Every structure is written in C-alpha cells, then in structure tokens.
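This report describes selected local features of one protein model. Please consult the sequence and the coordinates alongside the text.

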Amino acid sequence: MARGTVLIADDDSAIRTVLNQALVRAGYAPRVTGNAATLWRWVSQGEGDVVITDVVMPDENAFDLIPRIKRIRPDLPIIVMSAQNTLMTALSAAEKGAYEYLPKPFDLNELVGLVGRALADPGRKPKPDGEREAQGEELPLIGRSNAMQDIYRVLARLTQTDLTVMITGESGTGKELVARVLHNFGRRKLGPFVAINMAAIPRELIESELFGHEKGAFTGAQQRAAGRFEQAEGGTLFLDEIGDMPLEAQTRLLRVLQEGEYTTVGGRTPIKTNVRIVAATHRDLKNQIQQGVFREDLYYRLNVVPIRIPPLRERLDDIGDLARHFLRQASKSGLGTKTIATAAVDRLKRHSWPGNVRELENFVRRLAALRSEDILTADVIDEELDHLIRAQQSTAASGQVGSSTETIGLSEMVERHLADYFAGFGRDLPPPNLYDRVLAQVEKPLIIAALAATRGNQIRAAELLGLNRNTLRKKIRDLDIQVFRGAGGD
C-alpha cells in the first residue's frame with residue numbers, strides 16, 4: 001500500500017519523470033501534470049496528500065495558485081520548487097503558505113525526506129534547528145489581530161534567514177521586541193544580541209561606538225575599545241533609530257554592508273565581520289533621502305525585508321490581551337493580582353493611545369500600583385483616563401502667561417510645562433522621542449506666527465525664521481498650515 005499520494009506539477013517533462021521515479025521507489029503514489037489547471041482540479045476534488053509544484057507554470061504562477069489551495073485545504077502541505085532560486089523567491093513561497101521551498105537543482109533525497117515529514121506532520125513547518133517550540137505565549141509579542149498575524153508569518157520565515165531587516169513603526173509599537181524575536185528564534189540565537197540607539201549617542205562618538213577605536217585615536221582614547229560590530233560577532237546587531245545616524249557614519253556602515261569588513265577609528269587593518277543587521281526607525285526615511293540627510297544606497301541595503309509594526313489604533317482587538325499581559329507582569333513584580341472587566345477593555349479601546357503599546361503598558365502598571373480594586377472596571381478606567389487627560393491639558397495650559405502683570409520668558413514657560421508633563425506620569429517616564437514631540441509642538445505655532453506677522457508672505461517669513469523658502473513651504477504642507485495671504489503676500 002502506498003505511503004501517500006503526491007501531486008506533482010511541472011512543465012518540464014524530464015523533471016516530472018525523475019520525481020515520479022524517485023517517489024515510486026520511496027513507496028509513494030505520484031500523479032504528475034504539466035499545468036496548474038489540472039493540479040487545481042485534483043486538489044479541489046480532495047485528491048493528494050502532498051503537492052510539489054514549480055513556481056512558473058504555463059497557465060498560472062504557483063504563487064497565485066497556493067492561496068486558493070490554502071483556502072479550501074489549509075492543511076495540505078505544498079512544496080515549492082523553482083529555478084528562480086533567489087532569496088526573495090524563497091520568502092514569497094513562505095509568505096504564501098508553502099511548507100518548504102527548494103531551489104533547483106535540488107537533492108532528490110532531500111525532497112523525498114521533505115515529503116515524508118510533511119505527511120507525518122502536515123500542519124507544522126520543518127524545524128532545522130531541532131525541536132524548538134515557539135508557542136505564541138512564549139514570544140515577546142502579544143496579539144491575535146490580523147495585523148499581528150501577518151507579522152508573525154513573516155517573522156516565522158525570516159528567523160531561518162540572515163537577511164537584513166528594516167523595522168518601521170511609530171514610537172512605542174515594539175520595534176526592538178521584533179528585532180529580539182528575529183534573533184532569539186533564529187540561526188544566530190546562540191550569538192550575542194547587541195543594540196545601539198543612534199539617537200542616544202553624541203554624533204561625534206557614533207563611529208567609535210559602532211566600529212571601536214585604537215589607543216590614541218582621539219583625545220581620551222587611552223586604550224583600545226571594541227565597537228558594537230565586534231561585540232555582536234556571530235550574532236545580531238540592532239541599529240535602533242537608524243534615521244538619526246549622521247551621514248559620515250552612514251558612509252562607513254554602507255561599506256560594511258557592501259564589503260563585509262570595517263576598520264576601527266584610528267586603525268588601518270580591515271576586520272571581517274559576521275553579524276546580522278536589523279535596523280529600526282520611526283522616521284520616514286524616503287523623506288529624509290529627499291532632504292539629503294539619509295543615503296539612498298544605504299536605505300536599499302538596509303531595507304531588504306521591510307516590516308511595518310502597526311500602531312495600537314490599528315490593532316484594537318489586541319488591547320485586551322495586552323492589558324491582561326501587563327497585569328500579569330505587574331503581579332510578578334509584586335504589584336498585586338488584578339483582573340480587568342470586559343467593559344473596561346472596551347473603554348480602553350476608545351482611547352487614542354498616541355504612545356502606542358508602551359503608553360498602554362505604563363497606564364496598566366500605574367493602575368496595578370495605585371488602584372486597590374481587584375477587578376478593574378470601566379468606571380476605574382474612565383476615572384484614570386480622565387485624570388490622564390486632565391494632566392495633559394494642564395501641561396498645555398501651563399504654557400500660557402497667567403497674568404498680564406507677570407512677564408514669563410519662553411524658556412521658563414517651557415520649563416514649567418515640562419515639569420507638569422513629567423509629573424503627570426508619576427514615577428514612570430513619558431514615551432520616548434520626547435524631543436521630537438516638543439519641537440513639533442513649538443514649530444507649528446512659530447511658523448503660523450511668522451506667517452501672520454508677514455501677512456502670509458512666505459519669502460519674508462522664511463527670511464524671518466532663517467529658513468530656506470522651499471524648506472518653509474514643505475513644513476507648511478507637512479504641518480497642514482493654512483496660509484491666508486494679505487497685502488504683500490507672495
């Protein structure tokens with residue numbers, strides 16, 4: 001009795017013959033065809049236990065056919081083979097739901113072995129790294145929304161590659177967590193995970209931090225120091241806030257990505273490097289390329305596989321799971337055991353969460369620390385959210401002059417505003433990237449005031465502000481400022 005029926009689709013008759021013979025010898029019952037239409041008919045009729053298909057078929061591309069097969073027979077293992085043996089082809093096969101991808105030419109014994117594993121456990125991907133279990137609850141990413149499921153599928157494929165990944169998303173969405181998943185569940189999990197935040201390091205020290213320096217390379221360099229590339233050897237280097245990297249360092253990073261080697265600051269001997277690069281940013285790098293502050297060639301080197309982490313407002317279905325997860329963490333930290341009511345979760349979903357998951361985490365931990373109730377109800381959430389909103393409104397109001405008899409400088413007003421703002425978070429810190437948010441709050445009213453003073457004349461307003469006219473026009477568009485031209489407007 002045959003071990004299982006294998007459906008084979010390839011327009012190359014020689015390959016069909018070879019595969020048929022190999023599978024018959026292994027005890028399987030193959031059925032072969034040269035087109036996608038016949039394969040689809042067999043599958044839709046319930047035939048076959050495993051599918052082996054080429055990507056390029058005379059009547060249909062397999063990447064278009066696989067999703068249709070998965071809709072009607074989601075557990076049917078599909079092995080994809082292709083002469084277009086690029087990494088992107090392999091990624092596409094995985095993203096479409098293929099059990100495995102084999103570039104041509106391939107080892108027939110490997111294919112026969114894959115068929116056997118697919119029949120033994122059709123619902124599970126092969127595990128080249130052993131019997132590692134990556135259950136959802138063990139991953140540092142929480143959520144069952146469609147947006148997160150898409151990310152999980154991509155991550156499942158990327159962990160078995162060393163491809164360079166660019167993670168984008170707003171502040172507080174969990175970009176570093178995604179980078180850690182790529183490392184902890186990937187080929188380099190036994191190597192180091194080294195993170196460096198470009199926005200947190202002085203510009204003049206970034207190259208030394210990345211590549212290390214020799215003794216005497218600059219004032220204060222009293223001994224040799226290893227850089228992050230050397231520290232991450234054999235593992236993963238996470239370049240957070242890559243959009244804040246100065247151009248000089250970008251040039252050196254590009255050379256590393258192109259040539260696989262670097263030199264320390266003050267050194268002359270090239271050093272080979274073996275690290276996986278994962279970069280992240282909350283900035284629009286394409287916009288920065290247009291402004292001339294980010295290299296386009298570096299962008300394409302880093303953006304081999306882009307992953308966008310959605311903001312919390314795009315994954316509202318995850319708020320309940322996230323809130324319960326943060327309550328469990330708070331309980332482990334000794335803040336008491338609390339549960340959250342369904343109506344309370346619904347109330348959380350109606351909040352905007354500009355700080356995303358990090359803001360939600362801070363909010364839940366504050367509830368766990370300050371509230372005595374064992375069950376967090378909608379009334380509790382309302383009360384605490386109202387308190388949070390009032391605190392934010394008071395910080396905005398504190399920037400206003402309180403009395404006509406009192407003269408307060410702009411610096412003092414900002415100082416008061418920030419003091420109240422920080423106080424609103426208690427012992428916690430505000431969400432990161434405060435610098436950009438504060439500047440954004442100042443920039444728009446400043447430009448509006450300049451335009452008002454010059455009666456909408458953008459040439460005069462640019463001169464007043466000390467900006468290039470094109471820069472001012474771009475800021476007007478980006479900040480959605482309505483310009484009303486009076487006498488003398490341009």
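Arg188 is buried, with a relative accessible area of 12%; buried denotes under 20% relative accessible area, exposed over 50% and partly exposed in between, with a 1.4 Å probe and protein chains only. The model is a predicted one, in which local features need pLDDT of at least 70 and side-chain atom pairs count only at pLDDT 80 or more, whereas totals for chains, interfaces and linings use all residues. Residues are numbered from 1 along each chain as its sequence is written, and side-chain values use heavy atoms, with hydrogens and water left out.

**Arg188 and its surroundings**

Arg188 is placed in the loop between helix H7 (175-184) and strand E7 (193-197). Helices (H or I, at least four residues) and strands (E, at least two) are DSSP runs, numbered from the N terminus. A polar atom of the Arg188 side chain lies 3.5 Å from the backbone oxygen of Gly234. Neighbours within four places in sequence aside, Arg188 is in contact (heavy atoms within 4.5 Å) with Asp162, His183, Gly234, Gly235, Thr236, Asn274, Val275 and Arg276.

**Strand E8 and its partners**

Strand E8 comprises residues 236-240, and five of its five residues are buried. Thr236, Phe238 and Asp240 cover one side, while Leu237 and Leu239 lie on the other, and all are buried. E8 pairs with E7 in the parallel sense over five bridges; two strands pair if DSSP finds at least two bridges between them. Within E8, Leu239 stands opposite Ile196. E8 is also joined by four bridges to strand E11 (residues 276-281), again in parallel, and Phe238 has Val278 in E11 as its bridge partner.

Most residues other than glycine have a negative phi.

**The five-stranded sheet**

Five strands form an open sheet with parallel pairing, in the order E2-E1-E3-E4-E5. Strand E2 (29-33) and strand E5 (100-103) are the edge strands, each pairing on one side only. On average, neighbouring strands of this sheet are turned by 20° against each other, direction ignored. Axes are lines fitted to C-alpha atoms, for helices over the stretch in contact, and angles run from 0 to 180 degrees between N-to-C directions. Strand E3 (residues 50-54) and strand E4 (residues 78-82) run parallel and are joined by four bridges; Thr53 stands opposite Val80 in E4.

Two helices lie across strands of this sheet. Helix H2 (residues 36-44) lies across strand E1 (5-9), E2 and E3, at about 140° to E2. Helix H5 (residues 108-120) lies across E1, E3, E4 and E5, at about 140° to E3.

**The contact of H19 with H20**

The axes of helix H19 (residues 458-465) and helix H20 (residues 469-478) come within 9 Å and cross at roughly 100°. H19 is therefore roughly perpendicular to H20, a term for angles of 65 to 115 degrees; angles under 35 degrees count as roughly parallel, over 145 as roughly antiparallel and the rest as oblique. From H19, Gln458, Ile459, Ala461, Ala462 and Leu465 meet Arg469, Leu472, Arg473 and Ile476 of H20. The residues of this contact divide into six nonpolar, one polar and two charged. Ala, Val, Leu, Ile, Met, Phe, Trp, Tyr, Cys and Pro count as nonpolar, Asp, Glu, Lys and Arg as charged, and the others, Gly among them, as polar.

Definitions and conventions: A polar contact is a pair of N or O atoms within 3.5 Å; within protein, one must be able to donate a hydrogen and the other to accept it, and residues adjacent in sequence count only if both atoms are side-chain atoms.
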